[in-house]
Amino acid sequence: MLISRVKLKNWRNFREVDSPLFDVTYLIGANATGKSNFLDVFRFLRDLAKTQGGGLQGAIADRRGLSKLRCLHARKDTEVHIEVQLSEQTADSPPLWRYHLGFKSEAVGANRPIVSAEEVFRLRGDDEECILKRPDDEDLGDRERLTRTSLEHPQTNARFREIAEHFANITYLHLVPQLLKFGDDIGGRRLENDPFGQGFLERVASVSDRVRNSRLGRIKAALARTIPQFEDLRFDRDKVTGRPHLEAKYKHHRPLAGWQREDQFSDGTLRLIALFWLLLEGDELLLLEEPELSLNEEIVRQLPVLIDGARRSTKRRARQVIISTHSQALLENKGIDGRGVLRLERNKEGSTIHLPSEVDLELIEDGASPAEVLLQQTHRQVSKEMALV
Ligand SMILES: Nc1ncnc2c1ncn2[C@@H]1O[C@H](COP(=O)(O)OP(=O)(O)OP(=O)(O)O)[C@@H](O)[C@H]1O
Ligand SMILES: [Mg+2]
């Protein structure tokens, strides 16, 4: 399944948006146009549904409260609404499910966030079967129930378990190599769901030897094609501490120079390894923040093809991916389906999302790259705004 459409109301800097999503969606836009905020919607759904410690109260508290999350441009109508549509395969296939959640502050007491609406529909052609509609009589009899969504509990999500499981397995990565390399020395606190990849090696360690060897084998082949002199990659555990490590070998080293551990890897190598690992790991939505960071421009240019190749190389269903990027080189790749490039633009009333126009798509069809056609439009907005400063 994949998330084929998302509608937002009052979510951070989005006052009201409605956008399709694709197998691979690229988010482009100037700084502070809301790319990370857009990705955060799906992390929020994950936080609601995750099997341990999930839920509305925690997900909002982690974002420092409803007042930080609700759109500052909203005036009278301040409820936050998220609606997603899920489809079986590509975004073009007919939708199967619609999930809608609205929430607001309780008008009394501690002003806790409460559910103002929660609906689930199963879709078949033009028919919609309503599976859940809240508030219901039970909610009205016991208002405490409104502090939770139905996603949060196996008892309440039984009739749409596949949606809850899909959300719970959404993965986000913005790997910060230094945190992975020096996490123990820094003694840094690890955030919930490890968005910055501090625990990436434990993730690698947690699967069976067979799965790990198969994934590392494929990553090794991909690295050998992208990193000059790279020769071999393996997993190891420290004999004394038992800590997991990745080790790599390079051709240009002396024959007996041995293996290098991850703290000697280049930042780009580490980011690529984590990227490939996650593409092979599951079949739910993967959110990637600026995958171009630390990578040589030539590799960035090939990233869309590498990502697509890794997505399709597993026996599972290929992962849906949403990528935020500023990279000209990445968007110069002509293999990108232009329809999946969403441009975010800042206005007085928050940000809006723009799909490529018919003319844009024709230009791309005729051989122009998404960078030439679409990224240029974000550059023009930045120049215009800077001229006004
Ligand atoms: N509740 C809110 N209401 C309105 N605007 C908000 C809200 N919360 C955050 N913002 C605004 O959203 C913007 C940040 O958006 P975000 O971090 O998603 O940008 P971005 O496109 O990822 O930028 P970059 O390219 O720099 O990473 C900031 O300008 C911030 O003020
Ligand atoms: Mg960002």
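Two strands are taken to pair if DSSP finds at least two bridges between them. Helices (H or I, at least four residues) and strands (E, at least two) are DSSP runs, numbered from the N terminus. By these criteria, β14 and β15 are joined by 5 bridges and run antiparallel. The structure is a predicted model, in which local features need pLDDT of at least 70 and side-chain atom pairs count only at pLDDT 80 or more, while totals for chains, interfaces and linings use all residues. Residues are numbered from 1 along each chain as its sequence is written, and chains are lettered from A and ligands numbered from 1 in the order in which they are written.

The pair β14 and β15 forms a hairpin, with 2 residues between the strands. Leu344 stands opposite Ile353 in β15. Both strands belong to an open sheet of 6 strands. The strand order is β8-β12-β13-β3-β14-β15, and the pairing is mixed. β8 (171-173) and β15 (350-354) stand at the edges with a single partner strand each, so one side of each lacks a neighbour in the sheet. On average, neighbouring strands of this sheet are turned by 20° against each other, direction ignored. Axes here are lines fitted to C-alpha atoms, for helices over the stretch in contact, and angles run from 0 to 180 degrees between N-to-C directions.

Within the sheet, β3 (residues 24-28) and β14 (residues 341-347) run parallel and are joined by 3 bridges. Ile28 has Arg343 in β14 as its bridge partner. A second hairpin is formed by β1 and β2, again with residues between the strands, 2 in number. Arg12 in its turn has a positive phi of about 45°. β1 (residues 2-11) and β2 (residues 14-20) run antiparallel and share 6 bridges. Arg5 has Pro20 in β2 as its bridge partner.

Helix α1 lies across β3, β8, β12 (286-289), β13 (321-324) and β14. Its direction makes an angle of about 155° with β12. α1 also packs against another helix. The axes of α1 and α5 (residues 161-168) come within 7 Å and cross at roughly 120°. The two helices are therefore oblique to each other (angles under 35 degrees count as roughly parallel, over 145 as roughly antiparallel, 65 to 115 as roughly perpendicular and the rest as oblique). Leu45, Arg46, Leu48 and Ala49 in α1 meet Ala164, Phe167 and Ala168 in α5; contact requires C-beta atoms, placed from the backbone, within 7 Å. This contact comprises 6 nonpolar, no polar and 1 charged residues. Ala, Val, Leu, Ile, Met, Phe, Trp, Tyr, Cys and Pro count as nonpolar, Asp, Glu, Lys and Arg as charged, and the others, Gly among them, as polar.

The axes of α9 (residues 267-281) and α10 (residues 297-312) come within 8 Å and cross at roughly 35°. Phe276, Leu279 and Leu280 in α9 meet Ile307, Ala310 and Arg311 in α10. By class, 5 residues of this contact are nonpolar, none is polar and 1 is charged.

Ligand 1 has 16 residues around it. Asn13, Asn31, Lys35, Ser36 and Asn37 come nearest. α1 (35-49) and α3 (66-69) each supply at least two residues of the shell. The largest share, 3 residues, comes from α1. The shell has 4 nonpolar, 8 polar and 4 charged residues.

Methods: Contact = placed C-beta atoms within 7 Å. Near = placed C-beta within 6 Å.
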